[in-house]
Amino acid sequence: MKKIISILLAVLLVAFSFAACSNAKNETKTDDTTAAAESDLAYVQEKGKLIIGITYFEPMDYIDKNGELTGFEVEFGKAVCEKLGVTPEFQEINWEAKETELSAKNIDCIWNGLTITDERKEAMSISDPYMNNKQVIICKAENKDAFAVAGGLEGKTVVAEKESAGEEAVADAQYADFFGKANYVAVDSMKNALMEVKSGTADAAVIDYVTGIGSLGEDSDYADLAIVDKSFADEQYGIAFRKGSDITEKVNEAIKELTADGTLQKIAEKYNLGEQLVK
């Protein structure tokens with residue numbers, strides 16, 4: 001009887017050991033799967049593409065005369081994606097819903113003249129700044145001097161892109177002397193803000209300086225518009241990823257490499273943005 005009990009105990013011990021090993025392997029596999037799932041970089045590299053959320057505005061992301069998507073950030077994005085070993089896919093988004101699109105994984109980043117703010121850094125992982133910017137007033141050339149002084153916009157209609165740094169500047173109490181007595185109207189893009197001024201349905205637009213220098217000029221659609229000699233809200237651009245994303249560090253490394261070898265400067269100069277790069 002004792003011999004039979006000993007044999008049964010031995011069998012049970014072997015069975016328990018086998019089950020424990022199997023569980024350990026399964027746990028390891030589960031842990032590995034979880035770790036991979038938590039890696040944003042692994043997620044992007046596995047699908048082979050980085051979906052970049054944009055809106056259309058010159059000189060950053062726009063359709064050229066040949067119907068091709070081009071611009072500073074289009075070329076910049078392609079150069080960084082080459083470093084990451086993935087293909088860029090540019091997807092137009094509603095700017096108001098940008099953070100929702102990002103967290104839902106409809107896009108992998110917001111790369112579209114995004115102003116770095118403390119609030120955005122709390123909600124998303126943002127790259128090192130790569131471009132300096134500020135908010136400026138755009139108006140018909142004949143109004144340039146009048147709108148450059150406090151009170152010049154009193155009773156005038158001012159437009160800016162909703163949820164943009166331009167809209168924040170209009171609402172900022174420190175600029176109340178300029179915008180406090182103006183009639184403010186939000187529009188859905190900086191491009192439409194310029195169109196409102198061009199058509200005369202608005203007197204002035206508050207937009208990114210880089211958009212102004214990239215859109216205005218003798219050969220542009222806005223040859224009759226001008227940048228007012230007054231700036232607001234100095235700021236910097238960054239690329240936003242999901243909170244805690246491990247892609248951010250890799251993108252920062254790529255930006256440093258593209259800066260060091262002169263590639264980024266060359267792209268910026270092509271779009272008249274060389275002086276705006278963060279040095």
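**Entry 1. Lining of the largest pocket**

I sorted the lining of the largest pocket by residue type and found 11 nonpolar, 6 polar and 7 charged residues. In this sorting Ala, Val, Leu, Ile, Met, Phe, Trp, Tyr, Cys and Pro count as nonpolar, Asp, Glu, Lys and Arg as charged, and the others, Gly among them, as polar. The model is predicted, so I note that local features need pLDDT of at least 70 and side-chain atom pairs pLDDT 80 or more, while totals for chains, interfaces and linings use all residues. Residues are numbered from 1 along each chain as its sequence is written, and side-chain values use heavy atoms, with hydrogens and water left out.

I then looked up the volume of the largest pocket, which is about 580 Å³. Of its 24 lining residues, Glu-58, Tyr-62, Ile-63, Gly-214 and Asp-221 are the closest to the centre. Strand E2 (62-63), helix H8 (190-199) and helix H9 (209-215) are the elements that give two or more residues to this lining. H9 gives the most, with 4 residues. Helices (H or I, at least four residues) and strands (E, at least two) are DSSP runs, numbered from the N terminus.

For the terms, I worked on a 1 Å grid over the protein atoms alone: a pocket is an open set of points with protein on both sides within 12 Å along at least five of seven lines, a cavity is a set where a 1.4 Å probe fits but cannot get out, and lining residues have an atom within 4 Å of a point. Grid points are joined across faces, edges and corners, and a volume is the space filled by probe spheres set on the points.

I searched the whole structure for cavities of 30 Å³ or more and found 1. The largest cavity has a volume of about 100 Å³. Its lining holds 13 residues, and Trp-95, Gly-113, Glu-161, Ser-164 and Asp-208 lie nearest its centre. Strand E5 (residues 109-115) supplies the largest share of this lining, 3 residues. By type, the cavity lining divides into 4 nonpolar, 5 polar and 4 charged residues.

**Entry 2. Aromatic contacts**

My search of the whole structure returned 9 aromatic pairs. Rings of Phe, Tyr and Trp (its six-membered ring) pair if their centres lie within 6.5 Å; planes under 30 degrees apart are stacked, over 60 edge-to-face, and the rest tilted.

I examined Tyr-175 and Phe-232, an edge-to-face pair at 5.0 Å centre to centre with 80° between the planes. Tyr-175 lies in the loop between helix H6 (165-171) and helix H7 (176-179) and Phe-232 in strand E11 (residues 225-241), so the pair ties together parts 57 residues apart in sequence. The cut-offs are under 20% relative accessible area for buried and over 50% for exposed, with partly exposed in between (1.4 Å probe, protein chains only).

I also recorded one aromatic cluster, formed by Phe-72, Phe-76, Trp-111, Tyr-130 and Tyr-237. Two lysines sit over rings: Lys-105 over the face of Tyr-43, at 4.1 Å from the ring centre, and Lys-134 over the face of Tyr-209, at 4.7 Å. The criterion is NZ of Lys or CZ of Arg within 6 Å of the ring centre and within 35 degrees of the ring normal.

**Entry 3. Salt bridges**

Side chains of opposite charge can pair when their charged atoms come close. I counted 8 salt bridges in the structure, each a side-chain nitrogen of Lys or Arg within 4 Å of a carboxyl oxygen of Asp or Glu.

Glu-257 and Lys-83 meet at 3.1 Å, N to O. Glu-257 lies in helix H10 (residues 247-260) and Lys-83 in helix H3 (residues 72-84), so this bridge ties together parts 174 residues apart in sequence. Glu-257 is partly exposed at 40%, and Lys-83 is partly exposed at 41%.

Lys-121 bridges to Asp-118, with the closest N and O atoms 3.8 Å apart. Both lie in helix H5 (residues 118-123), 3 residues apart, about one turn of the helix. Lys-121 is partly exposed at 42%, whereas Asp-118 is exposed at 60%.

Lys-144 bridges to Asp-229, with the closest N and O atoms 3.9 Å apart. Lys-144 lies in the loop between strand E7 (131-140) and strand E8 (157-161) and Asp-229 in strand E11, so the pair ties together parts 85 residues apart in sequence. Lys-144 is partly exposed at 26%, whereas Asp-229 is exposed at 61%. Finally, I noted that salt bridges with shared partners join Asp-40, Lys-47, Asp-108 and Arg-242 into one network.
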